[in-house]
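Subject: Structure handover

Hi,

Here is the structure I said I would pass on. Have a look at it first, and then read on for my notes.

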Amino acid sequence: MAKKYVAAVDQGTTSTRFMIFDHAGQVVSVHQMEHEQIYPQAGWVEHDPMEVWARTQDVIKGALEKNGIDANDIAAIGVTNQRETTVVWDKNTGKPYYNAIVWQCTRTKDICDELEKDGGQDRFRAKVGLPLATYFSGPKIRWILDNVEGVREAAEKGDAIFGNMDTWEIWWLTGGPDGGAHVTDVTNASRTMLMNLETLDWDQEILDIMGVPRQMLPEIRPSSDPQIYGYTPEDGPLGIKIPVCGDLGDQQAALVGQTCYSSGEAKNTYGTGCFMLMNTGTKPVPSKSGLLTTLGYKFGDEPAVYALEGSIAITGALIQWLRDNLNLIEKSPEIEDLAKTVEDNGGIYFVPAFSGLFAPYWKSDARGVIVGMTRYVNKGHIARAALEATAYQTREVLDAMKKDSGVTLTALKVDGGMVFNELLMQFQSDVLGVPVVRPQVAETTALGAAYAAGLAVGFWNNTDELRENWGIDKTWKPEMDAEMRAELYKYWLKAVTRTFDWVE
(Lines give C-alpha, C1' and ligand atoms only; values in the text may rest on other atoms or scores of the structure.)
Protein backbone atom coordinates (compact mmCIF):
# COMPACT_ATOMS: atom_id res chain seq x y z
CA MET A 1 0.00 0.00 0.00
CA ALA A 2 1.31 3.47 -0.88
CA LYS A 3 2.51 5.51 2.07
CA LYS A 4 0.67 8.78 2.72
CA TYR A 5 3.17 10.90 4.65
CA VAL A 6 6.73 11.99 5.27
CA ALA A 7 7.82 13.29 8.67
CA ALA A 8 10.57 15.50 10.06
CA VAL A 9 12.22 16.05 13.41
CA ASP A 10 12.95 19.78 13.71
CA GLN A 11 15.39 20.21 16.59
CA GLY A 12 15.64 23.95 17.19
CA THR A 13 17.44 26.22 19.63
CA THR A 14 14.51 26.66 22.01
CA SER A 15 12.25 23.71 21.15
CA THR A 16 11.90 20.43 19.29
CA ARG A 17 8.97 19.42 17.13
CA PHE A 18 7.81 16.56 14.97
CA MET A 19 5.92 17.52 11.82
CA ILE A 20 4.07 15.21 9.45
CA PHE A 21 3.44 16.33 5.85
CA ASP A 22 1.31 14.95 3.03
CA HIS A 23 2.29 14.70 -0.65
CA ALA A 24 1.19 18.31 -1.31
CA GLY A 25 3.63 19.52 1.36
CA GLN A 26 0.80 20.46 3.73
CA VAL A 27 1.11 19.99 7.50
CA VAL A 28 -0.97 17.03 8.69
CA SER A 29 0.12 17.02 12.32
CA VAL A 30 2.63 18.76 14.56
CA HIS A 31 3.69 18.58 18.19
CA GLN A 32 6.25 20.89 19.78
CA MET A 33 7.96 21.16 23.20
CA GLU A 34 10.50 23.60 24.61
CA HIS A 35 13.68 22.61 26.44
CA GLU A 36 15.71 24.47 29.05
CA GLN A 37 18.23 27.17 28.14
CA ILE A 38 21.23 26.86 30.46
CA TYR A 39 23.46 29.91 31.09
CA PRO A 40 26.35 28.84 33.41
CA GLN A 41 27.98 32.30 33.09
CA ALA A 42 27.84 35.41 30.90
CA GLY A 43 28.20 34.50 27.22
CA TRP A 44 27.87 30.74 27.83
CA VAL A 45 24.84 28.85 26.48
CA GLU A 46 24.14 25.12 26.91
CA HIS A 47 21.39 22.53 26.41
CA ASP A 48 20.98 19.14 28.09
CA PRO A 49 21.19 16.63 25.19
CA MET A 50 19.30 13.95 27.15
CA GLU A 51 16.43 16.40 27.74
CA VAL A 52 16.40 17.18 24.01
CA TRP A 53 16.20 13.46 23.13
CA ALA A 54 13.42 12.97 25.72
CA ARG A 55 11.47 15.87 24.16
CA THR A 56 12.06 14.38 20.69
CA GLN A 57 10.43 11.11 21.75
CA ASP A 58 7.54 13.01 23.35
CA VAL A 59 6.84 15.15 20.26
CA ILE A 60 6.95 12.11 17.95
CA LYS A 61 4.34 10.33 20.07
CA GLY A 62 2.36 13.58 20.45
CA ALA A 63 2.17 14.30 16.71
CA LEU A 64 1.05 10.73 15.95
CA GLU A 65 -1.61 10.74 18.70
CA LYS A 66 -2.90 14.26 18.01
CA ASN A 67 -4.47 13.41 14.65
CA GLY A 68 -4.56 9.63 14.93
CA ILE A 69 -1.72 9.11 12.45
CA ASP A 70 -0.62 5.51 11.92
CA ALA A 71 3.20 5.27 11.86
CA ASN A 72 2.82 2.64 9.11
CA ASP A 73 1.70 5.45 6.78
CA ILE A 74 5.03 7.32 7.13
CA ALA A 75 7.37 6.70 4.19
CA ALA A 76 10.52 8.27 5.62
CA ILE A 77 11.88 10.64 8.27
CA GLY A 78 14.15 13.63 7.82
CA VAL A 79 16.01 15.59 10.49
CA THR A 80 16.78 19.27 10.65
CA ASN A 81 18.59 21.04 13.45
CA GLN A 82 20.09 24.10 15.07
CA ARG A 83 23.51 24.02 13.44
CA GLU A 84 26.93 24.24 15.16
CA THR A 85 25.53 23.15 18.55
CA THR A 86 28.05 20.58 19.70
CA VAL A 87 27.67 17.32 21.64
CA VAL A 88 30.33 14.77 22.59
CA TRP A 89 29.04 11.50 24.01
CA ASP A 90 30.00 7.92 24.89
CA LYS A 91 29.04 5.68 21.97
CA ASN A 92 28.68 2.68 24.31
CA THR A 93 26.19 4.25 26.73
CA GLY A 94 24.81 7.27 24.85
CA LYS A 95 25.66 9.45 27.84
CA PRO A 96 26.99 12.93 26.99
CA TYR A 97 30.33 13.85 28.57
CA TYR A 98 29.13 17.44 28.87
CA ASN A 99 26.07 19.55 28.01
CA ALA A 100 25.60 20.54 24.37
CA ILE A 101 27.47 23.80 23.70
CA VAL A 102 25.01 25.98 21.78
CA TRP A 103 25.88 27.91 18.61
CA GLN A 104 25.39 31.25 20.41
CA CYS A 105 27.95 30.38 23.12
CA THR A 106 31.08 32.58 23.14
CA ARG A 107 33.30 30.52 25.50
CA THR A 108 35.65 29.49 22.67
CA LYS A 109 36.88 33.05 22.07
CA ASP A 110 40.34 32.28 23.54
CA ILE A 111 40.71 29.21 21.34
CA CYS A 112 39.74 31.25 18.25
CA ASP A 113 42.12 34.07 19.25
CA GLU A 114 44.95 31.56 19.66
CA LEU A 115 44.27 30.00 16.22
CA GLU A 116 44.10 33.50 14.68
CA LYS A 117 47.66 34.33 15.70
CA ASP A 118 48.96 32.31 12.77
CA GLY A 119 47.10 33.48 9.67
CA GLY A 120 44.37 35.76 11.03
CA GLN A 121 40.60 35.35 11.19
CA ASP A 122 40.46 33.99 7.63
CA ARG A 123 43.16 31.36 8.24
CA PHE A 124 40.97 28.45 7.09
CA ARG A 125 38.46 30.37 4.95
CA ALA A 126 39.82 29.25 1.56
CA LYS A 127 39.17 25.61 2.53
CA VAL A 128 36.08 25.81 4.71
CA GLY A 129 34.37 29.07 3.66
CA LEU A 130 34.18 30.31 7.26
CA PRO A 131 36.06 32.84 9.39
CA LEU A 132 37.45 31.82 12.77
CA ALA A 133 34.54 32.56 15.12
CA THR A 134 33.02 31.20 18.32
CA TYR A 135 29.92 30.29 16.25
CA PHE A 136 31.29 27.10 14.68
CA SER A 137 31.60 23.54 16.06
CA GLY A 138 35.35 22.87 15.63
CA PRO A 139 36.52 25.16 18.46
CA LYS A 140 33.63 23.87 20.63
CA ILE A 141 34.85 20.27 20.21
CA ARG A 142 38.34 21.44 21.10
CA TRP A 143 36.99 23.14 24.25
CA ILE A 144 35.35 19.92 25.44
CA LEU A 145 38.50 17.89 24.67
CA ASP A 146 40.61 20.39 26.63
CA ASN A 147 38.30 21.04 29.57
CA VAL A 148 36.31 17.90 30.35
CA GLU A 149 38.30 15.23 32.14
CA GLY A 150 38.88 11.96 30.30
CA VAL A 151 37.26 13.02 27.00
CA ARG A 152 40.46 13.32 24.99
CA GLU A 153 41.57 9.81 26.02
CA ALA A 154 38.11 8.43 25.23
CA ALA A 155 38.19 10.19 21.83
CA GLU A 156 41.62 8.74 20.99
CA LYS A 157 40.26 5.27 21.85
CA GLY A 158 37.20 5.83 19.68
CA ASP A 159 34.68 5.79 22.54
CA ALA A 160 33.88 9.52 22.61
CA ILE A 161 32.08 10.62 19.47
CA PHE A 162 31.00 14.05 18.27
CA GLY A 163 27.93 15.33 16.52
CA ASN A 164 25.98 18.49 15.90
CA MET A 165 22.35 18.03 16.98
CA ASP A 166 21.44 16.29 13.69
CA THR A 167 23.99 13.55 14.38
CA TRP A 168 22.81 13.19 17.99
CA GLU A 169 19.17 12.87 16.90
CA ILE A 170 19.85 10.47 14.00
CA TRP A 171 22.07 8.28 16.23
CA TRP A 172 19.27 7.91 18.78
CA LEU A 173 16.48 7.62 16.16
CA THR A 174 18.30 4.70 14.51
CA GLY A 175 19.02 2.75 17.71
CA GLY A 176 21.49 4.75 19.82
CA PRO A 177 24.02 2.49 21.60
CA ASP A 178 22.32 -0.42 19.84
CA GLY A 179 23.74 0.20 16.34
CA GLY A 180 22.71 3.85 15.82
CA ALA A 181 24.06 5.47 12.64
CA HIS A 182 26.88 7.95 13.37
CA VAL A 183 26.39 10.23 10.36
CA THR A 184 25.97 13.84 9.36
CA ASP A 185 25.23 15.51 6.03
CA VAL A 186 27.31 17.94 3.97
CA THR A 187 25.40 21.00 5.22
CA ASN A 188 26.01 20.31 8.90
CA ALA A 189 29.59 19.20 8.26
CA SER A 190 30.20 22.52 6.47
CA ARG A 191 29.45 24.33 9.75
CA THR A 192 32.14 22.62 11.81
CA MET A 193 35.10 24.46 10.22
CA LEU A 194 36.59 20.99 9.70
CA MET A 195 35.17 19.99 6.29
CA ASN A 196 36.87 20.89 3.02
CA LEU A 197 34.32 22.52 0.67
CA GLU A 198 35.87 20.95 -2.43
CA THR A 199 36.35 17.34 -1.24
CA LEU A 200 33.29 17.26 1.07
CA ASP A 201 35.45 15.32 3.53
CA TRP A 202 37.12 16.13 6.86
CA ASP A 203 40.33 18.08 6.29
CA GLN A 204 43.23 16.32 8.02
CA GLU A 205 45.45 19.41 8.17
CA ILE A 206 42.77 21.43 9.99
CA LEU A 207 41.98 18.49 12.30
CA ASP A 208 45.65 18.36 13.29
CA ILE A 209 45.81 22.13 13.92
CA MET A 210 42.51 22.11 15.84
CA GLY A 211 43.53 19.01 17.81
CA VAL A 212 40.43 16.97 16.94
CA PRO A 213 40.86 13.18 16.51
CA ARG A 214 39.31 12.08 13.20
CA GLN A 215 37.80 8.91 14.70
CA MET A 216 35.33 10.92 16.79
CA LEU A 217 33.74 12.53 13.70
CA PRO A 218 30.63 11.20 11.93
CA GLU A 219 30.56 9.94 8.36
CA ILE A 220 29.56 12.70 5.91
CA ARG A 221 26.59 11.68 3.73
CA PRO A 222 24.27 13.37 1.19
CA SER A 223 21.43 15.50 2.62
CA SER A 224 18.96 13.23 0.82
CA ASP A 225 20.36 9.72 0.82
CA PRO A 226 18.76 6.80 -1.08
CA GLN A 227 21.35 4.58 0.70
CA ILE A 228 19.41 5.32 3.97
CA TYR A 229 21.30 6.35 7.14
CA GLY A 230 19.44 3.79 9.25
CA TYR A 231 15.99 2.64 10.40
CA THR A 232 13.94 3.43 13.48
CA PRO A 233 13.90 0.38 15.81
CA GLU A 234 10.66 -1.38 16.68
CA ASP A 235 11.13 -0.56 20.37
CA GLY A 236 11.60 3.16 19.58
CA PRO A 237 9.03 5.98 19.79
CA LEU A 238 7.57 5.11 16.35
CA GLY A 239 7.16 1.41 17.13
CA ILE A 240 8.11 0.24 13.60
CA LYS A 241 11.02 0.36 11.15
CA ILE A 242 10.98 3.58 9.10
CA PRO A 243 13.93 4.80 7.00
CA VAL A 244 15.78 7.86 8.29
CA CYS A 245 17.32 9.34 5.13
CA GLY A 246 17.15 13.15 5.13
CA ASP A 247 19.40 15.54 7.03
CA LEU A 248 19.86 19.30 6.62
CA GLY A 249 21.01 22.10 8.89
CA ASP A 250 17.97 24.25 9.65
CA GLN A 251 18.82 27.14 7.33
CA GLN A 252 19.66 24.87 4.42
CA ALA A 253 16.45 22.96 5.12
CA ALA A 254 14.53 26.23 4.72
CA LEU A 255 16.33 26.83 1.40
CA VAL A 256 15.11 23.40 0.24
CA GLY A 257 11.62 23.94 1.71
CA GLN A 258 11.38 27.31 -0.08
CA THR A 259 12.31 25.45 -3.31
CA CYS A 260 15.29 27.72 -4.04
CA TYR A 261 16.80 25.21 -6.45
CA SER A 262 18.11 27.69 -9.04
CA SER A 263 21.24 29.78 -8.75
CA GLY A 264 20.41 33.29 -7.47
CA GLU A 265 17.26 32.28 -5.55
CA ALA A 266 17.35 33.36 -1.89
CA LYS A 267 15.37 32.99 1.32
CA ASN A 268 15.47 34.59 4.76
CA THR A 269 14.44 32.71 7.89
CA TYR A 270 13.34 34.73 10.91
CA GLY A 271 13.86 32.71 14.08
CA THR A 272 16.03 33.07 17.19
CA GLY A 273 18.57 34.52 14.77
CA CYS A 274 18.09 35.48 11.14
CA PHE A 275 19.65 33.59 8.27
CA MET A 276 19.68 34.54 4.63
CA LEU A 277 20.88 31.98 2.09
CA MET A 278 21.36 32.39 -1.65
CA ASN A 279 21.80 29.41 -3.95
CA THR A 280 25.07 29.92 -5.90
CA GLY A 281 25.01 26.68 -7.93
CA THR A 282 27.51 23.82 -8.01
CA LYS A 283 30.66 25.90 -7.35
CA PRO A 284 31.52 27.54 -4.03
CA VAL A 285 31.61 31.35 -4.24
CA PRO A 286 34.28 32.83 -1.94
CA SER A 287 33.02 35.85 0.01
CA LYS A 288 34.91 39.12 0.20
CA SER A 289 32.12 40.84 2.13
CA GLY A 290 31.96 38.90 5.38
CA LEU A 291 29.48 36.21 4.31
CA LEU A 292 29.88 32.47 4.76
CA THR A 293 30.43 30.09 1.87
CA THR A 294 28.47 27.01 2.82
CA LEU A 295 26.78 23.90 1.42
CA GLY A 296 23.19 24.37 0.30
CA TYR A 297 22.30 20.68 -0.08
CA LYS A 298 23.32 17.46 -1.81
CA PHE A 299 20.67 15.12 -3.20
CA GLY A 300 21.93 11.54 -3.67
CA ASP A 301 24.60 11.25 -6.39
CA GLU A 302 23.90 14.69 -7.87
CA PRO A 303 26.60 17.38 -7.48
CA ALA A 304 26.52 19.34 -4.25
CA VAL A 305 24.87 22.77 -4.42
CA TYR A 306 26.55 25.67 -2.59
CA ALA A 307 25.18 28.82 -0.99
CA LEU A 308 26.26 32.17 0.37
CA GLU A 309 24.93 32.80 3.86
CA GLY A 310 24.52 35.84 6.04
CA SER A 311 24.01 34.86 9.68
CA ILE A 312 22.56 37.31 12.20
CA ALA A 313 22.79 36.12 15.81
CA ILE A 314 19.90 37.93 17.48
CA THR A 315 16.50 38.73 15.94
CA GLY A 316 13.61 36.76 17.49
CA ALA A 317 15.81 36.33 20.57
CA LEU A 318 15.64 40.12 21.05
CA ILE A 319 11.84 39.95 21.35
CA GLN A 320 12.21 37.06 23.85
CA TRP A 321 14.67 39.23 25.79
CA LEU A 322 12.18 42.11 25.95
CA ARG A 323 9.60 39.57 27.18
CA ASP A 324 11.68 37.59 29.69
CA ASN A 325 14.34 40.03 30.93
CA LEU A 326 12.50 43.36 30.81
CA ASN A 327 8.87 42.10 31.08
CA LEU A 328 7.94 44.66 28.42
CA ILE A 329 5.41 42.20 26.98
CA GLU A 330 3.84 38.93 28.22
CA LYS A 331 3.80 37.02 24.94
CA SER A 332 6.10 37.51 21.94
CA PRO A 333 3.29 38.34 19.41
CA GLU A 334 2.31 41.36 21.60
CA ILE A 335 5.42 43.18 20.34
CA GLU A 336 3.58 44.17 17.16
CA ASP A 337 0.69 45.88 18.98
CA LEU A 338 3.13 47.70 21.26
CA ALA A 339 5.20 48.86 18.26
CA LYS A 340 2.03 50.09 16.53
CA THR A 341 1.33 52.54 19.38
CA VAL A 342 3.94 54.86 17.81
CA GLU A 343 4.44 56.22 14.27
CA ASP A 344 8.19 55.56 14.07
CA ASN A 345 11.21 54.62 16.21
CA GLY A 346 11.37 58.04 17.90
CA GLY A 347 14.97 58.43 16.73
CA ILE A 348 16.33 55.37 18.56
CA TYR A 349 18.18 52.39 17.13
CA PHE A 350 18.62 49.07 18.95
CA VAL A 351 21.62 46.99 17.82
CA PRO A 352 21.31 43.59 19.56
CA ALA A 353 24.96 42.49 19.54
CA PHE A 354 24.37 40.38 22.67
CA SER A 355 26.85 37.71 21.59
CA GLY A 356 28.93 39.86 19.28
CA LEU A 357 28.12 40.71 15.67
CA PHE A 358 27.88 37.98 13.02
CA ALA A 359 27.68 38.77 9.27
CA PRO A 360 29.04 40.87 7.74
CA TYR A 361 31.26 42.09 10.62
CA TRP A 362 32.34 39.01 12.64
CA LYS A 363 33.22 40.97 15.78
CA SER A 364 32.93 38.85 18.91
CA ASP A 365 33.96 41.84 21.06
CA ALA A 366 30.84 43.87 20.12
CA ARG A 367 27.96 44.22 22.59
CA GLY A 368 24.40 45.49 22.26
CA VAL A 369 23.46 49.18 22.32
CA ILE A 370 20.39 51.42 22.24
CA VAL A 371 21.34 54.82 20.81
CA GLY A 372 19.53 58.11 20.26
CA MET A 373 17.69 58.09 23.62
CA THR A 374 15.74 61.22 24.62
CA ARG A 375 13.02 61.94 27.20
CA TYR A 376 10.50 61.57 24.38
CA VAL A 377 11.20 57.84 23.92
CA ASN A 378 8.69 55.35 25.38
CA LYS A 379 8.29 51.56 25.38
CA GLY A 380 6.47 51.67 22.03
CA HIS A 381 9.58 53.16 20.44
CA ILE A 382 11.75 50.46 22.03
CA ALA A 383 9.44 47.75 20.67
CA ARG A 384 9.51 49.32 17.21
CA ALA A 385 13.30 49.74 17.22
CA ALA A 386 13.65 46.07 18.23
CA LEU A 387 11.58 44.95 15.22
CA GLU A 388 13.36 47.36 12.87
CA ALA A 389 16.74 45.93 13.98
CA THR A 390 15.81 42.64 12.28
CA ALA A 391 15.02 44.41 9.00
CA TYR A 392 18.19 46.54 9.04
CA GLN A 393 20.44 43.57 9.79
CA THR A 394 18.83 41.71 6.88
CA ARG A 395 19.53 44.70 4.59
CA GLU A 396 23.24 44.62 5.55
CA VAL A 397 23.45 40.95 4.63
CA LEU A 398 21.62 41.45 1.33
CA ASP A 399 24.01 44.27 0.36
CA ALA A 400 26.96 41.96 1.05
CA MET A 401 25.39 39.16 -1.05
CA LYS A 402 24.92 41.50 -3.98
CA LYS A 403 28.59 42.50 -3.74
CA ASP A 404 29.83 38.89 -3.65
CA SER A 405 27.53 37.26 -6.19
CA GLY A 406 26.81 40.14 -8.55
CA VAL A 407 23.15 39.06 -8.40
CA THR A 408 20.50 41.71 -7.70
CA LEU A 409 17.62 40.19 -5.80
CA THR A 410 14.17 40.87 -7.26
CA ALA A 411 12.14 39.46 -4.34
CA LEU A 412 12.88 37.86 -0.98
CA LYS A 413 11.17 34.62 0.12
CA VAL A 414 10.67 34.65 3.87
CA ASP A 415 9.80 32.06 6.52
CA GLY A 416 9.99 31.37 10.25
CA GLY A 417 8.05 32.55 13.27
CA MET A 418 8.40 36.33 12.77
CA VAL A 419 6.90 36.41 9.26
CA PHE A 420 3.42 36.69 10.76
CA ASN A 421 4.38 40.12 12.10
CA GLU A 422 2.83 42.34 9.43
CA LEU A 423 4.54 45.52 10.67
CA LEU A 424 7.96 43.89 10.43
CA MET A 425 7.34 42.40 6.97
CA GLN A 426 6.18 45.75 5.56
CA PHE A 427 9.19 47.52 7.08
CA GLN A 428 11.46 44.77 5.70
CA SER A 429 10.13 45.41 2.20
CA ASP A 430 10.54 49.18 2.69
CA VAL A 431 14.15 48.91 3.86
CA LEU A 432 15.15 46.49 1.08
CA GLY A 433 13.20 48.18 -1.68
CA VAL A 434 12.01 44.79 -3.02
CA PRO A 435 8.86 42.70 -2.50
CA VAL A 436 8.85 40.28 0.45
CA VAL A 437 6.98 37.01 -0.20
CA ARG A 438 5.56 34.65 2.45
CA PRO A 439 4.67 31.12 1.29
CA GLN A 440 1.54 29.21 2.30
CA VAL A 441 3.60 26.84 4.46
CA ALA A 442 5.78 29.18 6.54
CA GLU A 443 7.38 26.29 8.47
CA THR A 444 9.74 25.59 5.60
CA THR A 445 12.57 24.23 7.79
CA ALA A 446 10.76 21.03 8.73
CA LEU A 447 9.30 20.86 5.22
CA GLY A 448 12.81 20.95 3.69
CA ALA A 449 13.93 18.02 5.85
CA ALA A 450 10.77 16.12 4.88
CA TYR A 451 11.46 16.86 1.20
CA ALA A 452 15.02 15.51 1.52
CA ALA A 453 13.77 12.28 3.12
CA GLY A 454 10.87 11.92 0.68
CA LEU A 455 13.12 12.36 -2.38
CA ALA A 456 15.43 9.63 -1.05
CA VAL A 457 12.66 7.01 -0.99
CA GLY A 458 10.80 8.16 -4.13
CA PHE A 459 7.82 9.67 -2.25
CA TRP A 460 8.53 12.67 -4.50
CA ASN A 461 10.26 12.05 -7.82
CA ASN A 462 12.16 15.29 -8.35
CA THR A 463 12.49 18.95 -7.41
CA ASP A 464 9.97 20.00 -10.10
CA GLU A 465 7.32 18.15 -8.13
CA LEU A 466 8.37 20.04 -4.98
CA ARG A 467 8.21 23.41 -6.77
CA GLU A 468 4.57 22.67 -7.63
CA ASN A 469 3.83 22.49 -3.89
CA TRP A 470 5.11 26.01 -3.25
CA GLY A 471 2.40 28.68 -3.14
CA ILE A 472 2.28 32.37 -2.16
CA ASP A 473 0.33 33.35 0.95
CA LYS A 474 1.10 37.10 0.99
CA THR A 475 3.39 39.68 -0.67
CA TRP A 476 4.48 43.01 0.80
CA LYS A 477 5.67 45.74 -1.59
CA PRO A 478 7.90 48.72 -0.70
CA GLU A 479 5.99 51.90 0.20
CA MET A 480 8.90 54.05 1.46
CA ASP A 481 10.59 56.59 -0.81
CA ALA A 482 14.29 56.10 -1.61
CA GLU A 483 15.43 59.22 0.23
CA MET A 484 13.79 58.17 3.49
CA ARG A 485 15.18 54.64 3.12
CA ALA A 486 18.72 55.96 2.68
CA GLU A 487 18.41 58.33 5.64
CA LEU A 488 17.14 55.67 8.08
CA TYR A 489 19.75 53.17 6.95
CA LYS A 490 22.56 55.72 7.34
CA TYR A 491 21.68 56.12 11.03
CA TRP A 492 21.47 52.35 11.49
CA LEU A 493 25.02 51.93 10.13
CA LYS A 494 26.16 54.69 12.49
CA ALA A 495 24.50 52.91 15.43
CA VAL A 496 26.25 49.63 14.57
CA THR A 497 29.68 51.28 14.88
CA ARG A 498 28.84 52.13 18.52
CA THR A 499 28.85 48.41 19.40
CA PHE A 500 32.43 47.75 18.24
CA ASP A 501 35.33 46.85 20.58
CA TRP A 502 33.24 46.99 23.76
CA VAL A 503 34.88 43.91 25.35
CA GLU A 504 38.58 44.54 25.94
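How many of the residues of H14 are buried? The answer is 13 of 13, so helix H14 is mostly covered. Before going further, please keep in mind that this is a predicted model, and that the numbers below are computed from it.

Staying with H14, the helix runs over residues 444-456. Just past the helix comes Gly458, with a positive phi of about 80°.

H14 also has a packing partner. Helix H9 (residues 250-257) packs against H14 at an angle of about 80°, and the axes are 7 Å apart. That makes H9 and H14 roughly perpendicular to each other. On the H9 side the residues involved are Asp250, Ala253, Ala254, Val256 and Gly257, and they meet Thr444, Thr445, Leu447, Gly448, Ala449 and Tyr451 of H14. Sorted by class, this contact has 6 nonpolar, 4 polar and 1 charged residues.

Asn469 sits in helix H15 (residues 463-469), and its relative accessibility of 18% puts it in the buried class, the cut-off being under 20%. The Asn469 side chain makes a polar contact with the side chain of Tyr451 at 3.3 Å. A polar atom of that Asn469 side chain also lies 3.2 Å from the backbone oxygen of His23. Leaving out residues up to four places away in sequence, Asn469 touches His23, Ala24, Gly25, Tyr451 and Trp460. For a sense of the geometry here, the C-alpha atoms of Asn469 and Val457 are 18 Å apart, with the two residues 12 places apart along the chain.

Next, H12. This helix covers residues 379-405, which is 27 residues, and reaches 40 Å from its first C-alpha to its last, close to the 39 Å expected at 1.5 Å a residue. Of those 27 residues, 22 are buried, so H12 is largely enclosed by the rest of the structure. Both ends have something to look at. At the start, a side-chain oxygen of Asn378 comes to within 2.8 Å of the backbone nitrogen of Gly380. After the helix comes Gly406, where phi is positive and near 75°.

H12 has a crossing partner too, namely helix H16 (residues 482-497): their axes come within 11 Å and cross at roughly 90°. H12 is therefore roughly perpendicular to H16. H12 contributes Ala389, Tyr392, Gln393, Arg395, Glu396 and Asp399 to the contact, while H16 brings in Arg485, Leu488, Tyr489, Trp492, Leu493 and Val496. By class, those residues divide into 7 nonpolar, 1 polar and 4 charged.

Thr294 has 0% relative accessibility, so it counts as buried. Its side chain makes a polar contact with the side chain of Arg191 at 3.1 Å, and another with the side chain of Gln252 at 3.4 Å. Beyond four places in sequence, the residues that Thr294 touches are Ser190, Arg191, Gln252, Tyr306, Ala307 and Glu309.

That's what I have for now.

Cheers

Key: Residues numbered from 1 in each chain as written. Predicted model: local features only at pLDDT ≥ 70, side-chain atom pairs only at ≥ 80, totals over all residues. Heavy atoms only, no water. Helix = DSSP H or I, 4+ residues; strand = E, 2+ residues; numbered from the N terminus. Expected span 1.5 Å × (residues − 1). Buried < 20%, exposed > 50% of the residue type's maximum accessible area, 1.4 Å probe, protein only. Polar contact = N/O pair within 3.5 Å; in protein donor to acceptor, adjacent residues only side chain to side chain. Axes fitted to C-alpha atoms, helices over the stretch in contact; angles between N-to-C directions. Parallel < 35°, antiparallel > 145°, perpendicular 65-115°, else oblique. Contact = heavy atoms within 4.5 Å. Nonpolar A, V, L, I, M, F, W, Y, C, P; charged D, E, K, R; others polar.
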